[in-house]
Amino acid sequence: MSGRLEFNLRNCLREVSGSLLFVHRFAEESGLSERQAYLLNLAYEELATNIVKYGFDDASEHRIKVSLENNAEGVFLTLRDDGHEFDPRNAPAPEPVTDLALCEVGGVGLHLVKKMVHSMDYSRENGWNIVRVQI
């Protein structure tokens, strides 16, 4: 099956959590496999959370534009935000963990997404970060 869904969310973690229902419903209605649905949810939650947590310096409300698409070429997630320029493909891999007590929180999610998805593209256009992931 094919399908498309677009929505906007504000730059707050509560909205990211709440919007997971849209992503889950899209995966279900598009007939995605269990693995595709898992990867779509993982990529969406990780990328959207990073935008909200690290993308903006001000306390103003910002909109993050989300597009989900399932077509003959594959399953795609696109996020657009007007935050700091940031190419998630260039995020460093986390250091190997030898002692969990010394392990710092963060840095693992983006690495995991990059390793698990089919492809990840990034561009910066007219002040907007555009990340497109193919599941």
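This is a predicted model: local features need pLDDT of at least 70, side-chain atom pairs count only at pLDDT 80 or more; totals for chains, interfaces and linings use all residues.
Residues are numbered from 1 along each chain as its sequence is written, and side-chain values use heavy atoms, with hydrogens and water left out.

Strands β2 (residues 63–71) and β3 (residues 74–81) pair in the antiparallel sense over seven bridges. Two strands count as paired if DSSP finds at least two bridges between them. Strands (E, at least two residues) and helices (H or I, at least four) are DSSP runs, numbered from the N terminus.

## The whole sheet

Zoom out and you'll find an open sheet of five strands, ordered β1-β2-β3-β5-β4, with antiparallel pairing. Because β1 (3–10) and β4 (119–125) each have a single partner strand, one side of each is left without a neighbour in the sheet.

## The core

The largest nonpolar core has 34 residues, and those with the most contacts inside it are Leu40, Tyr44, Val66, Leu77, Leu79 and Val133. Such a core is a set of buried Ala, Val, Leu, Ile, Met, Phe, Trp, Tyr and Cys residues joined through side-chain atoms within 4.5 Å; buried means under 20% relative accessible area (1.4 Å probe, protein chains only). Its largest share, ten residues, comes from α2.

Take Leu79: its contacts (heavy atoms within 4.5 Å) include Tyr44, Ile64, Val66 and Ile130, not counting residues up to four places away in sequence.

Technical notes
Buried means under 20% relative accessible area, exposed over 50%, partly exposed in between (1.4 Å probe, protein chains only).
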